[in-house]
Amino acid sequence: MIAGQSRSERRLPAEEGVWVFVFGDMTVFAMLFGVYMYYRGQDPALFDTSQKGLNQTFGVVNTLVLLTSSLLVVNAVRAVRAGARPLARWLIYAAMACGVIFVANKTLEYADKIAHGITPATNQFFMYFYVMTGLHLVHVLLGLALLGLIVKLTHKPVLGDRDVGYLEGAACFWHMVDLLWIVIFALLYLVK
């Protein structure tokens, strides 16, 4: 809660346009998830066999890294609201480090798959694996860029309402990236 704001004055964080983008993006992913589940239902044996070729350790590590990064971003927003911008800056840097770990881990996973001859052309499961995780990876990279921009905001002597809106918008986007990964992880690595 921003200083001087009562519980009855609470508002949705970020600008309305951010929410339109977030919900639109989530709708696109939801349709992709639905198509994936449809084709999984058409050939469950292929999907189950292919899923066994995934290393769940990569997925678990990426899930823990993104959950940690989201917690760091939540605390960074709280720190900004409390006027502790230097703390917020370090929390955002830590969240960005988690994002970089995610990217490195995903790169290692892709390299492992490709080294074993597993590409999007291998079969339908791996086509969806590369499409979903690749689109998500693009979102992680975009999220890292947004977090980098809000680090710059923490250097400003005074943050206006618009600056706080940018911070909240970037945080909302980062949380969406985290939420999408949780669904992708469940669908690709866990659902039998």
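Author: Buried means under 20% relative accessible area, exposed over 50%, and partly exposed in between, with a 1.4 Å probe and protein chains only. By that scale, buried residues make up 44% of the 192 residues in the protein chain. This is a predicted model, in which local features need a pLDDT of at least 70 and side-chain atom pairs count only at pLDDT 80 or more, while totals for chains, interfaces and linings use all residues. Residues are numbered from 1 along each chain as its sequence is written, and side-chain values use heavy atoms, with hydrogens and water left out.

Reader: What pLDDT does the protein chain average, and which elements have the lowest and the highest mean?

Author: With pLDDT being the predictor's confidence in each residue, from 0 to 100, the protein chain averages 88, and 90% of the residues score at least 70.

Reader: How many helices and strands does the secondary structure come to, and how are they defined?

Author: Helices (H or I, at least four residues) and strands (E, at least two) are DSSP runs, numbered from the N terminus; on that basis the protein chain comes to six helices and zero strands. The C-alpha trace spans about 60 × 30 × 20 Å along its principal axes.

Reader: Which class does Thr154 fall into, and where is Thr154 found?

Author: Thr154 is found in the loop between α5 and α6, and because its relative accessibility is 3%, Thr154 counts as buried. Leaving aside neighbours within four places in sequence, Thr154 is in contact with Val80, Arg85, Ala88, Arg89 and Ile92. The C-alpha atoms of Thr154 and Arg85, 69 residues apart along the chain, are separated by 5.4 Å.

Reader: What class does Ala186 count as?

Author: Ala186, whose place is in helix α6 (residues 161-190), has 27% relative accessibility and so counts as partly exposed.

Reader: How do you know on which side of α2 the buried residues are?

Author: In helix α2 (residues 44-51), Phe47, Ser50 and Gln51 are buried. They cover an arc of only 100° around the axis, which puts them on the same side of α2; the arc is that of the directions from the helix axis to the C-beta atoms. The face turned away from that buried side carries the exposed residues Ala45 and Thr49.

Reader: What makes α2 and α5 oblique to each other?

Author: The axes of α2 and helix α5 (residues 124-153) come within 8 Å and cross at roughly 60°. Axes are lines fitted to C-alpha atoms, for helices over the stretch in contact, and angles run from 0 to 180 degrees between N-to-C directions. Angles under 35 degrees count as roughly parallel, over 145 as roughly antiparallel, 65 to 115 as roughly perpendicular and the rest as oblique; α2 and α5 are therefore oblique. Leu46, Phe47, Ser50 and Gln51 in α2 meet Gln124, Phe125, Phe126 and Tyr128 in α5.

Conventions
Contact = heavy atoms within 4.5 Å.
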